[in-house]
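Here is a short tour of the model, written to be read with the coordinates open beside you. Please take it one heading at a time.

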Amino acid sequence: MIVETLSWICLVLGGLLGIIGGIGLHRFPDFYTRLHAAGTTDTLCAALFLLGLGLQAGITIASFKLFLIFAFIFLTSPTASHSLANAAMIGGLNPILSNPDVLNPDVSNLDVSNPKQLDE
Amino acid sequence: MMYAVAIIAILITILLALVRALLGPTVYDRIAAMNMLGTKTILLIAVFAFLTDRHDLLDIALVYALINFIGVVAVLKLVEQGNLYTNGESSVDVKSEVGDK
């Protein structure tokens, strides 16, 4: 019963975290903030889901496979986020705060969804 | 019940990521969205394996976890240097293409 409740809590928290990451990916103004929202929630969301499923499975071959999936996601997800940010930086995409006009309130018609406009 | 709630949450997240992948002004937004979508697909397969009580589906989730990472890195390399066969040097001028892909 306790294991069942813990599993519920893990799955619901993981689902909430995933939806929060999705909303962040959808609403943040530029690429780097979006990557922050997606990258940070992704790993913990996966960990909570797999922990919740592992509590259901007990100590079996299924929970070992879940642990392997968790290990791969734990290693590859931050690496993918890092290489994405690195590639965007090399590719010449500037963070939104590197443009001083964004901090200036009288440019209210600046379209933040268009990064081409923010480049010098 | 528990698995159904988890699957619905994952599907909502996939929908949001898909909208970003379709809208995303730069190519990097699309890659970030597809990376997130891939991770959520792994979780979807894992939860589905428990929902239908077919634990052999976890092998597919494991393979998907590996392929997803390799796919993201390969697409990044393709975007960055314009091809997949040279080692490091770029064959296109990337800076001129960031905004409109």
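The buried residues of H1(B) pack against H1 and H2 of chain A, together with H2 of chain B. Helices here are DSSP runs of H or I with at least four residues, strands are E runs of at least two, and both are numbered from the N terminus. Packing rests on contacts, where two residues have C-beta atoms, placed from the backbone, within 7 Å. This is a predicted model, in which local features need pLDDT of at least 70 and side-chain atom pairs count only at pLDDT 80 or more, while totals for chains, interfaces and linings use all residues. Residues are numbered from 1 along each chain as its sequence is written, and chains are lettered from A and ligands numbered from 1 in the order in which they are written.

Which residues of H1(B) are buried? They are Ala6(B), Ala9(B), Ile10(B), Thr13(B), Ile14(B), Leu16(B), Ala17(B) and Arg20(B). They cover an arc of only 160 degrees around the axis, which puts them on the same side of H1(B); the arc is that of the directions from the helix axis to the C-beta atoms. The face turned away from this buried side carries the exposed residues Ala4(B), Ile8(B), Leu11(B), Leu22(B) and Leu23(B). A residue is buried if 20 or more other C-beta atoms lie within 10 Å of its own, exposed if 12 or fewer, and partly exposed in between, with C-beta atoms placed from the backbone.

## Where the chains meet

On the chain B side, 44 residues are in contact with 44 residues of chain A. Helix H1 (2-23), helix H2 (27-51) and helix H3 (57-81) of chain B each supply at least two residues of that side, and H2(B) gives the most, with 14 residues. The side of chain B that touches chain A divides into 32 nonpolar, 6 polar and 6 charged residues. Here Ala, Val, Leu, Ile, Met, Phe, Trp, Tyr, Cys and Pro count as nonpolar, Asp, Glu, Lys and Arg as charged, and the others, Gly among them, as polar.

The largest nonpolar core has 56 residues, and Phe49(A) and Ala46(B) touch the most other members. Such a core is a set of buried Ala, Val, Leu, Ile, Met, Phe, Trp, Tyr and Cys residues joined through C-beta atoms within 7 Å. H2(B) gives the most to this core, with 15 residues.

Leaving aside neighbours within four places in sequence, Phe49(A) is in contact with Leu11(A), Gly14(A), Ala6(B), Leu43(B), Ala46(B) and Val47(B). Ile73(A), in helix H3 of chain A, counts as buried with 26 C-beta neighbours inside 10 Å. Not counting residues up to four places away in sequence, Ile73(A) touches Thr43(A), Ala46(A), Thr39(B), Ile42(B) and Ala65(B).

## A loop residue in chain B

Chain B has 3 helices and 0 strands. Asp53(B) lies in the loop between H2 and H3 of chain B. Asp53(B) is exposed, with 7 other C-beta atoms within 10 Å, and has a positive phi of about 60 degrees although it is not a glycine.

## Confidence in chain A

The mean pLDDT of chain A is 83, and 82% of its residues reach 70 or more; pLDDT is the predictor's confidence in each residue, from 0 to 100. In chain A, confidence is highest in helix H1 (residues 2-27), at 91, and lowest in helix H5 (residues 115-118), at a mean of 52. Where pLDDT is low, the predicted coordinates should not be read in detail.
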